[in-house]
Amino acid sequence: MDIKNYMQQLGIAARKASRFMASADTNIKNQALTNIGDAILREKEALLVANKLDLDAARASGLDEAMLDRLTITEKSIKTMVEGLKQIVSLADPIGEMTDFKYRPSGIQIGKMRVPLGVIGIIYEARPNVTVDAAGLCIKSGNAAILRGGSEAIHCNQALAKLVHEGLEKAGLPTTAVQVVETTDRAAVGELITMKQYVDVIVPRGGKGLIERISNDARIPVIKHLDGNCHVYVDDDADFDKALRILENSKTQRLGTCNTAESLLIARSVAKEMLPKLADMLTSHSIEIRGCAETCTLVKQAVPASDEDFYTEYLAAIISCKIVGGLEEAIAHINQHSSQHTEAIVTENYTKARKFLREVDSSSVMVNASTRFADGFEYGLGAEIGISTDKLHARGPVGLEGLTSLKYIVLGDGHVRA
């Protein structure tokens, strides 16, 4: 295959489809999403078979457990994909929304209109659900998408692509509005991230290595997060039962996700009472604790942490732990060591909670809730195309609004500038 020519053809088709999608009627877009959901439920057994082919090949090639977890789909996750599409259908269509109108002394009215970004290139590893999430969000937000999934999910992604195309075609929309790259040749990625005449933004989802490569080599704007070193801080004024539940869910529900807690901070005044019990819970889940010197004194099963441990996204049964003097030190530690993804405080003190929300510099900041809630589906976005830790354009889970831009609009009645 001539990769350069193949990718150029995808880009040409996507740009043409994006013009159509930008003016597509909301009801037609919603019908396409409903069609896709119906097709996924109808073909769930075939999807599970395709996923098994991917999983068998992944195990044979020695993929790690975190990647296998991301790669796996189940009947439950298939239902979640469809529920995500239903949520997107229920959301207001952002395209064409006009806001912020005001009169100027000249007599003209100035406002803003929300418009699609155009063509979105999404590059991702494992996680076949991204194929559906990305397709759904791009369709509803009036964009076209070029999806390049990892080779480890090729069978499931291609099966899902057929169902997406079926749903688009039945609704009268161009099937080229969502194109899944058919080749596993890595050269396709290199072409996609440099086709600035056809692609408006790139969204990478995967390991840190993939995202760093995309960010360094892309000639197109990138919406990204590199890793998820998420923190749970147990404050002096924490309720212990809440702290136990939140830490357990944040760290142990799933090990291989970017919103899994990787670091535990605890206030010194409550550490002697609470930390050994929290550690026992973690140990019961086979979590290794890498702690500061004070932690190792209080927790017999802890091993000494290196400086690097406090910066690390493990995606594994490991957590770092540090005892801090209080809220100020916790905030300083998080802002220095975190990846600006998601942080949580457990406290009954309203003033401290407000300070934590205001001063922690991350894309999601939570009070008395698990870091695992940092997710587009849980935030009511229907799904997410990714999570951004950047500060320009989009931050946090990127849903419909994150796939749009604003343009100024001016209303006059024969007005001319003096």
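Two strands count as paired if DSSP finds at least two bridges between them. Strands themselves are DSSP runs (E, at least two residues), numbered from the N terminus.

## Before you start

This is a predicted model, where local features need pLDDT of at least 70, side-chain atom pairs count only at pLDDT 80 or more, and totals for chains, interfaces and linings use all residues. Residues are numbered from 1 along each chain as its sequence is written, and side-chain values use heavy atoms, with hydrogens and water left out.

## A three-stranded sheet

Let's begin with an open sheet of three strands, ordered β1-β2-β16, with antiparallel pairing. The edges belong to β1 and β16 (404–411); each has a single partner strand, so one side of each has no neighbour in the sheet. From one strand to the next, the twist averages 25 degrees (axes are lines fitted to C-alpha atoms, and angles run from 0 to 180 degrees between N-to-C directions).

Zoom in on β1 (residues 98–103) and β2 (residues 109–116), and you'll find four bridges holding this antiparallel pair. Met98 sits opposite Met113 in β2, while Tyr103 faces Gln109. Five residues lie between the strands of this hairpin, and Gly107 takes a positive phi near 105 degrees.

## The enclosed strand β3

Now for β3 (residues 119–124). Six of its six residues are buried, so the rest of the structure largely encloses this strand. Here buried means under 20% relative accessible area, exposed means over 50%, and partly exposed is in between (1.4 Å probe, protein chains only). Val119, Gly121 and Ile123 point one way from β3, and Ile120, Ile122 and Tyr124 point the other way.

The partner to look for is β4 (residues 144–148), which runs parallel to β3 and is joined to it by five bridges. In that pairing, Ile120 stands opposite Ala145.

## Two nonpolar cores

A nonpolar core is a set of buried Ala, Val, Leu, Ile, Met, Phe, Trp, Tyr and Cys residues joined through side-chain atoms within 4.5 Å. The largest one here has 70 residues, and among those with the most contacts inside it are Met7, Ile40, Ile122 and Ile385. There's a second, separate core too, with 38 residues, including Ile246, Cys292, Ile319 and Ile323.

Contact means heavy atoms within 4.5 Å.

Which strand holds Ser263? You'll find Ser263 in β8 (residues 261–267), and this serine is buried, with a relative accessible area of 1%. Its side chain makes a polar contact of 2.8 Å with that of Ser320 (a pair of N or O atoms within 3.5 Å; within protein, one must be able to donate a hydrogen and the other to accept it, and residues adjacent in sequence count only if both atoms are side-chain atoms). Beyond four places in sequence, the contacts of Ser263 include Asn229, His231, Phe310 and Ile319.
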